[in-house]
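Below is a short briefing on one model, arranged by topic. Please look over the sequence and the coordinates before reading on.

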Amino acid sequence: MAETILVVDDDLDILELLKMNLEPEGYDVQTASDGESAVQSACTDPPDLILLDVMMPHKNGFQVIEELKDIEETKNVPIILVTARGQTEDKVRGLDTGADDYITKPFDLREVTARVEAVLGRTRPIKYINPLMRAMGEGFSEKGLEQLAGHLQAAAAIQKKLLPEQAPSIDGFDIATLLQSSTSVSGDFYDFIPLSETQIGIVLGDVKGSGIPAALLMVMIRTALRLLCHEEEAPASILKRINDLVVRDTEADLFATMVYGILDTTASTFTYSNGGHCYPFHWTQNRNITVLKTGGMLIGAFDEATFTTGTCHLAPGDIIAFYTDGITETGTGDSTAADPNQSISTTHEDAILTDMFYGGDRLAACLSKNASLSASALCEAIVEDLARFSGSTQTHDDRALIVIKRDV
Amino acid sequence: MNFETTIETGNISTLHIAGKILGNATDIFRKEMELQLQTGRDKLVVDLTNVSLIDSSALGAIVTTLKCCQESGGKLVLLNPQKAVQEVLEVTQLATVIEIYDTEEAARAAFM
């Protein structure tokens, strides 16, 4: 059965042009020349996709999207917005309102076909193949969505259980942790794995990407690590094996950065490998800070990635602090940093960029200043410093922090 | 974020981007690169001269596009990343797998 495309434009020539271009590709093409009749047509006979002009008299494209998203029959119909060249604002607003993609006028007809095919290719599997949808039996109904939300909550609960509730207590060391999630499922994680009487595996990481896929990847990495760390000794070999596993099983845009290391409580060493993660700090008693950067690439994107292992010695009173970029990328009045609507800017920004973000230097300074505190008091001091800097206790990104301090 | 894509001789696409690639802007950035690939253009120069910041999903978009380009025999190179972006490329060690150039001439020459 041919898929139906509703083309909406107040320019009749464009309507005709698109129709002539899309019909030979095997699509059924319906047309509407204003927003009002577009909504009517879409409700009467919901198409498989809508190509929607933004600039139309009476009812513009954004209003049409808003109406269609409110109607049960049409709310899941994919929409490609047709915007004027250079109108980035329109594109952002369109995607915000619920459009799936956009095309810029004047358009190349090959581009139109490519975009239509790409969007249909993305939505087709959801409609017809997705086993979850089929299992729900209700398609896209409210009930189905409720069930999905239920699954999401269950996933979040499982994920919370996976994270250690409190840092382990180890003779001779003081360990504290912090995890703040911006959404129900977090991409940041940490774990402590007892390896022997005197050795404990420590990992802190950040799965890039968001939502359920990122959460699943996090669980996969954590499980793999728990198994592998008993098989392999060198942290670099463990990261390599996790990398190869993730490369094989996931898309390239799903990846993680992480530091894994072994704390040896007799030798007082930390042997680690850093897979593309922001460099942990090692604060020494003589008030020196070095960063732990030995390792390799971010994890899970390239099969040719290689890793090396580094070691640092912890003298009495020394501190190691691991963190995720949610901490260093905390912005002033945090909205400035995370608000995509603020994203149009000039090149002068680099000059003030260091003032916009909390950054590694401030974190290092805060660590030095509070180095005499206990590990948990140090975590609190960092959180307070972040709140002072951003003017808010809310966070837009996940934040994780581990502080390890050797007893004096 | 604003951008303009120019197609040069030798079918090299250059994406000139200005601003921060964050949030929804990342989707637009991703789609623009996807479009180049969909229309068969797998020689991409991503001009980061005027980009002050990118987030991790923008990084993901670059990685995905890089791999797609490589699979079809093309290439993605970065032009002139600024301090904050350069730092992210170094920490993640993406700088070891992506070619980075200081000038547009050098970036284009990478495809010759």
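This is a predicted model: local features need pLDDT of at least 70, side-chain atom pairs count only at pLDDT 80 or more; totals for chains, interfaces and linings use all residues.

Residues are numbered from 1 along each chain as its sequence is written, and chains are lettered from A and ligands numbered from 1 in the order in which they are written.

**Confidence**

- The model scores ipTM 0.86 and pTM 0.69.
- Within chain B, confidence is lowest in strand β1 (residues 2-8), with a mean of 78, and highest in strand β5 (residues 99-101), at 96.

**Chain A overall**

- Chain A contains 14 helices and 16 strands; helices (H or I, at least four residues) and strands (E, at least two) are DSSP runs, numbered from the N terminus.
- Of the 408 residues in chain A, 38% are buried; a residue is buried if 20 or more other C-beta atoms lie within 10 Å of its own, exposed if 12 or fewer, and partly exposed in between, with C-beta atoms placed from the backbone.
- Among chain A contacts (C-beta atoms, placed from the backbone, within 7 Å) between residues at least 6 apart in sequence, 68% join residues at least 24 apart.
- A:Asp244 belongs to helix α9 (residues 235-249) of chain A and is partly exposed, with 15 other C-beta atoms within 10 Å.
- The C-alpha atoms of A:Asp244 and A:Ala301 are separated by 8.8 Å, although the two residues are 57 residues apart along the chain.

**The sheet of chain A**

- An open sheet of 5 strands runs in the order β6-β16-β15-β11-β12 (chain A), with antiparallel pairing; two strands pair if DSSP finds at least two bridges between them.
- Its edge strands, each pairing on one side only, are β6 (173-180) and β12 (289-291) of chain A.
- From one strand to the next, the twist averages 15 degrees; axes are lines fitted to C-alpha atoms, for helices over the stretch in contact, and angles run from 0 to 180 degrees between N-to-C directions.
- Helix α13 (residues 359-369) of chain A packs on this sheet and touches β11 (281-283), β12 and β15 (319-323) of chain A, its direction making about 30 degrees with that of β11(A).
- β6(A) pairs with strand β16 (residues 399-406) of chain A in the antiparallel sense over 8 bridges, and A:Leu179 stands opposite A:Ala400 in β16(A).
- Helix α14 (residues 375-390) of chain A lies across β6 and β16 of chain A, at about 35 degrees to β6(A).

**Contact between the chains**

- Chain A contributes 32 residues to the contact and chain B 34 residues.
- On the side of chain A that touches chain B, α4 (88-97), α5 (109-129) and α12 (349-356) of chain A each supply at least two residues, and α4(A) gives the most, with 5 residues.

**Helices of chain B**

- Helix α1 (residues 24-38) of chain B has 15 residues and reaches 21 Å from first C-alpha to last; its buried residues include B:Ile28, B:Phe29 and B:Leu35.
- B:Gly40, which follows α1(B), has a positive phi, near 80 degrees.
- The buried residues of helix α2 (residues 56-71) of chain B pack against β2 (12-21), α1, β3 (43-54), β4 (75-79) and α3 (83-91) of chain B.
- Just after α2(B), B:Gly73 takes a positive phi of about 85 degrees.

Conventions. The expected span of a helix is 1.5 Å times one less than its number of residues. Two residues are in contact if their C-beta atoms, placed from the backbone, lie within 7 Å. pLDDT is the predictor's confidence in each residue, from 0 to 100.
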